[in-house]
Amino acid sequence: MISEHSSSIPASSGPIILIGAGNMGGALLTGWLKNGVPGSSVVVVDPNPSEAMRQTIADAGASHLTGVPVGITAGVLFVAVKPQVMDAVLPPFKAILDAETVVVSIAAGKTIASLEKNLGPAATVRAMPNTPAMVGRGVTGAFANARVSERQRQLVQNLLKVSGPVEWVPEEADIDSVTAVSGSGPAYVFYLVECMAEAGRKLGLQADLAMRLARETVAGAGELLHQSPDDASRLRQNVTSPGGTTAAALGVLMAEDGMQPLFDAALEAARKRAQELAG
Ligand SMILES: NC(=O)C1=CN([C@@H]2O[C@H](COP(=O)(O)OP(=O)(O)OC[C@H]3O[C@@H](n4cnc5c(N)ncnc54)[C@H](O)[C@@H]3O)[C@@H](O)[C@H]2O)C=CC1
Ligand SMILES: O=C(O)[C@@H]1CCC=N1
């Protein structure tokens, strides 16, 4: 059980059961431990965690199981396995839920109706974090169904916010759009770095130098965006001297409708894929 004395996380009615401690489940677990959740209140269920994750679990004094716990009731059932395996993984966990349990799924696409098919009716939150959670700099979109009490919503909010801000959305379908923007979003930014580095290499720079320059530029621009009160458009204008080099580049990138149609199509494809994973 999470005690009332944890620094920022209110008490849950029973332990947190984390199913899947991979990239995202592991990042959240690390964040919980750093933010005062006692390891003794967490049970990790994962048949095949990385060596580093095994060590984190052991160091924290959390429990590690390869299958469903017996003889306990979950306060929070946190589902962080791939959507494609959920229907096989979830049904036995129904036995460890009660009326107080809140279920949180971070799986792309999987609907609350699909979760309830496996677990029965439950207070359920669908959440969509992103990989910068690994360094405490993620952002999470979340939707709570009508069974979620105010206390449960607060508990879940505090568990999610260890990795960055939490944005609640009014409709479950919005989570698929959140997935397209911020869940998958870090990959678009990393691809931008790859494209900038490759273009720099084609201009004659050493490939590794071009990559270092591109990587630090995107990381620095991200930090400036994070710290500055100005919006992205203003920050872009600050770089762009009239008649200068940036204006020349943006003239290419923003020609006609620029990159917008490509992003419109890419995010539409991501949302459509989330919808296909729903069942
Ligand atoms: N990677 C990302 O950027 C994001 C992923 N997600 C969602 O998070 C979920 C997990 O994704 P990742 O962490 O990237 O995947 P991952 O492959 O890194 O982690 C999945 C974990 O599930 C474990 N697992 C497999 N079978 C299991 C079972 N029967 N019982 C318990 N654990 C089992 C694996 O051993 C692994 O540690 C997915 O549903 C994905 O849609 C959500 C937001 C962002
Ligand atoms: O690509 C995926 O399906 C997952 C969900 C959001 C980011 N990664």
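**Note on the predicted model: strands, domains and ligand shells**

1. Thr56 first. Beyond its neighbours within four places in sequence, Thr56 is in contact with Leu29 and Thr30 (contact: C-beta atoms, placed from the backbone, within 7 Å). Thr56 belongs to helix H2, residues 51-60. Helices here are DSSP runs of H or I with at least four residues, strands are E runs of at least two, and both are numbered from the N terminus. Thr56 counts as partly exposed because 19 other C-beta atoms lie within 10 Å. The cut-offs: buried means 20 or more other C-beta atoms within 10 Å of the residue's own, exposed means 12 or fewer, partly exposed is in between, and C-beta atoms are placed from the backbone. Gly39 is 17 residues from Thr56 in sequence and 9.6 Å away in space, C-alpha to C-alpha.

2. Basis of the note. This is a predicted model: local features need pLDDT of at least 70, side-chain atom pairs count only at pLDDT 80 or more, and totals for chains, interfaces and linings use all residues. Residues are numbered from 1 along each chain as its sequence is written, while chains are lettered from A and ligands numbered from 1 in the order in which they are written.

3. Overall picture. The protein has 11 helices and eight strands. Its C-alpha trace spans about 70 × 35 × 35 Å along the principal axes. Of the 279 residues, 34% count as buried. Among contacts with a separation of 6 or more, 67% come from residues 24 or more positions apart.

4. Domains. The assignment gives domain 1 (16-175) and domain 2 (185-276); such bounds come from an automatic or database domain assignment. Five residues from domain 1 and five residues from domain 2 make the contact. On the domain 1 side, the touching residues are two nonpolar, three polar and no charged. Nonpolar covers Ala, Val, Leu, Ile, Met, Phe, Trp, Tyr, Cys and Pro; charged covers Asp, Glu, Lys and Arg; the others, Gly among them, are polar. The domain centres, taken over C-alpha atoms, are separated by 33 Å.

5. Record annotations. An unreviewed UniProt entry annotates residues 16-109 as "domain: Pyrroline-5-carboxylate reductase catalytic N-terminal". That span, 16-109, is 31% helix and 20% strand, and its end C-alpha atoms lie 23 Å apart. The UniProt annotation for residues 172-277, also from an unreviewed entry, reads "domain: Pyrroline-5-carboxylate reductase dimerisation". Residues 172-277 are 78% helix and 0% strand, with end C-alpha atoms 14 Å apart. UniProt positions follow the numbering used here, feature names are shortened, and annotations may be inferred rather than shown by experiment.

6. E4 (residues 76-79) pairs with E5 in the parallel sense over four bridges; pairing requires at least two DSSP bridges between the strands. Val76 stands opposite Val102 in E5. E5 and E6 also run parallel, joined by four bridges. Here Val103 has Thr124 of E6 as its bridge partner.

7. Burial of these strands. In a regular strand the side chains alternate between the two faces of the sheet. E5 (residues 102-105) is covered on both faces: Val102 and Val104 are buried on one side, Val103 and Ser105 on the other. How many residues of strand E6 (residues 123-128) are buried? Six of the six are, so E6 is largely enclosed by the rest of the structure. Ala123, Val125 and Ala127 lie on one side of E6, with Thr124, Arg126 and Met128 on the other.

8. Ligand 1. The shell holds 26 residues, and the closest are Gly20, Gly22, Met24, Ala107 and Ala108. A residue is near a molecule if its C-beta atom, placed from the backbone, lies within 6 Å of it. Helix H1 (23-34) and helix H3 (83-89) each supply at least two shell residues. By class, the shell has 16 nonpolar, eight polar and two charged residues.

9. Ligand 2. Ala108, Thr179, Gly183 and Ser184 are the residues around this ligand. They divide into one nonpolar, three polar and no charged.

10. Two further residues. Glu256 has a positive phi of about 50 degrees although it is not a glycine. Glu256 lies in the loop between helix H10 (245-253) and helix H11 (260-276). Is Glu256 buried or exposed? Glu256 counts as exposed because it has 6 C-beta neighbours inside 10 Å. Val239 is in helix H9 (residues 232-239). With 14 C-beta neighbours inside 10 Å, Val239 counts as partly exposed. Val239 and Val79 are 160 residues apart along the chain, and their C-alpha atoms are separated by 43 Å.

Terms used. Two residues are in contact if their C-beta atoms, placed from the backbone, lie within 7 Å.
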